[in-house]
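Open the model in your viewer and keep the selection tool ready. Each stop says what to select and what is there.

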Amino acid sequence: MTIQQNLGHTQGLGETNSIWFKLTLLSKGNPDNPMQTLQMMADRYGPVITVNMADQRVVFLTEPEHFKHVLVSKADDYIKYFDGLKPVFGKSMITHDGALWQKIRMPQQPAFHPDMFAEYIPYFLQAIHTKMGLWSKLAETGEEFEMVEQTWTLAADMICKALFDRDMPFNPHVVFKCVKTYTDVMEHKAIRMRVLHGDDIKMTDENAAKAMELWANVPPAVFAQNPNEERERTLLKMIEAVVADPSVPEFDQQQAIDELKQYLWAGTETTALTLAWALYLTSKNPDAANRIRKEGETVYGDREPTAADYSALAYTRAVIQETMRIYPPIWGLIRVATKPDIIGGKEIKPGDRVVIFAYGAHHNPRFWPEPEEFRPERWMGSTKGQVKYSYLPFGGGKRSCIGGAMSQVENTLALSMLLRRFRPEYLGKEPPGFSGTVTLTPKGGLKFRVCELS
Ligand code: HEM
């Protein structure tokens, strides 16, 4: 059996012609911070770096004005890149461009309007209370645990309850671990190398196929689960309504299933990473953790927080914003050029893979004084002085994140409530290492223990 046949399922992400694989090569250097090499390249070679790799060019952008050019001014000439990720996202909105993308996004947009947040908050709170119950048990035993796993379960529970009116009908620990192995490009590369050397390998094509089979069964399980309250205004109801609408034939049952796949991945991993990094940063900055506790006490005291309280939690929200500046879950946005263009005096050719280096801008001292410092105060008061497009946790232009504003509500409330009841203690190495494949993920996770405050 050839390697090609053997790796049918794992091919796209780790193949030599995949941008994800090429980026792992470009970011070789400090294994605990793959962004450092890319930052050094940006410093040395200027704002538009073209790298010829085999039969393809990767164009690396580091300037906010060029981000705007690609994401806004010429958005139609730069399409999304999704090779290798299709099994995870199916044919969901995030993978499409042009008129079809618009047809799929439009009917779902109302579910993410800020007017809906007040309706969702009680369901976010239910999920947070479940998590606090579990942490209370962990605090009693003093057990160590992996924070990203904890926050990922919480994010998935929030989405299922608030947007789908369902309890989570799957085991997130098993499902997410399985799919994450699939999306970890380093793992793919390792498979190829180890197969080439005739080694016994951990993840095989069969494993990858199993992971994708498991993943494919998740949305049907959500549809099959009984609704909790038969709420009328949910994202799931909106999706079902478009499926039933003959004027949008493209939005069929498979589209509905794939939209759920997308929400359960794109809407949970990123939110979970942000909250986990925020808990790490606040465990290292006890003054910030105490200020969050005090703010919660003043704003909502002993009752449940509401939408108005969320607006008043300015410092806690600033901590979430600062966390996403330091650790942007999506560290780079990838596009494919469809037309010839010129950026910063350099020629762009159709087919070029264009990387918008968001992490680089977030850590550039020209835009963020002392960028390595954790300073939530940057986000308090006016942000007028900030350079436009130098902060892109949710992307930019028309393809920016549909759930960005909602995720801030989820994470602000979760951080406030968790810190008021617990003192999380980070137990891993300092600083924690991370890998930068599709998302910026702590290497080996973030080990924690919690103590319940009296
Ligand atoms: C901290 C949390 C989150 C972060 C950092 C984040 C980040 C992003 C980014 C950077 C993009 C744009 C990617 C690109 O332009 O290539 C994006 C798109 C998207 N996100 Fe999020 N996201 C978060 C939470 C969510 C949530 C909560 C949902 C929904 C429940 C969601 C659903 C989506 C969808 C559907 C898209 C595709 C939009 C389109 O193509 O039109 N995200 N996200």
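This is a predicted model: local features need pLDDT of at least 70, side-chain atom pairs count only at pLDDT 80 or more; totals for chains, interfaces and linings use all residues.

Now pick Phe145 and look across to β12, where Phe448 stands opposite.

The three strands make an open sheet in the order β4-β12-β9, with antiparallel pairing. Which strands stand at the edges? They are β4 (145-146) and β9 (422-426). Each has a single partner strand, so one side of each is left without a neighbour in the sheet. Strands of a sheet pair through backbone hydrogen bonds, either parallel or antiparallel.

**Stop two: a hairpin**

Move to strand β1 (residues 48-53) and strand β2 (residues 56-61). They run antiparallel, joined by six bridges. Select Met53, then find its bridge partner, Gln56, in β2. The two strands form a hairpin with two residues between them. Click Ala54 in the turn: its phi is positive, about 50 degrees.

**Stop three: helix α8**

Select residues 117-141, which make up helix α8. How far apart are its end C-alpha atoms? They are 36 Å apart. At 1.5 Å a residue, the 25 residues should span 36 Å, so the two values agree.

Now show the side chains of Tyr120, Ile121, Tyr123, Phe124, Ala127, Ile128 and Trp135. These residues of α8 are buried. An α-helix has 3.6 residues a turn, so residues three or four places apart point the same way. What covers the buried residues of α8? The cover includes the helices α9, α18 (307-312) and α21, and also the strands β9 and β12 from the first stop.

**Stop four: the nonpolar core**

In soluble globular proteins, nonpolar side chains tend to be buried together. The largest nonpolar core here has 110 residues. Select Leu61, Ile159, Ala276 and Phe357, the residues with the most contacts inside this core. Then select helix α9 (residues 147-164), which gives the core its largest share, twelve residues.

Zoom in on Phe357. Leaving aside neighbours within four places in sequence, Phe357 is in contact with Leu38, Ala42, Phe60, Leu61, Thr62 and Gly332.

**Stop five: around the ligand**

Select the ligand. How many residues surround the ligand? There are 25, and the closest are Gly267, Thr270, Gly395, Cys401 and Gly403. The elements giving two or more residues to this shell are α15 (253-266), α16 (269-284) and α21 (404-421). By class, the shell has 13 nonpolar, ten polar and two charged residues.

Click Gly267, in the loop between α15 and α16. Is Gly267 buried or exposed? Gly267 counts as buried, because it has 24 C-beta neighbours inside 10 Å. Not counting residues up to four places away in sequence, Gly267 touches Ile159 and Gly403. Next, draw a line from Gly267 to Ser407. They are 140 residues apart in sequence, but their C-alpha atoms are 8.0 Å apart in space.

**Last stop: Trp265**

Trp265 is buried, with 23 other C-beta atoms within 10 Å. Apart from residues up to four places away in sequence, Trp265 touches Val88 and Phe89. Val88 is 177 residues from Trp265 along the chain, yet their C-alpha atoms are separated by 7.8 Å.

Methods
Residues are numbered from 1 along each chain as its sequence is written. A residue is near a molecule or strand if its C-beta atom, placed from the backbone, lies within 6 Å of it. Helices (H or I, at least four residues) and strands (E, at least two) are DSSP runs, numbered from the N terminus. Ala, Val, Leu, Ile, Met, Phe, Trp, Tyr, Cys and Pro count as nonpolar, Asp, Glu, Lys and Arg as charged, and the others, Gly among them, as polar. A nonpolar core is a set of buried Ala, Val, Leu, Ile, Met, Phe, Trp, Tyr and Cys residues joined through C-beta atoms within 7 Å. A residue is buried if 20 or more other C-beta atoms lie within 10 Å of its own, exposed if 12 or fewer, and partly exposed in between; C-beta atoms are placed from the backbone. Two residues are in contact if their C-beta atoms, placed from the backbone, lie within 7 Å. Two strands pair if DSSP finds at least two bridges between them. The expected span of a helix is 1.5 Å times one less than its number of residues.
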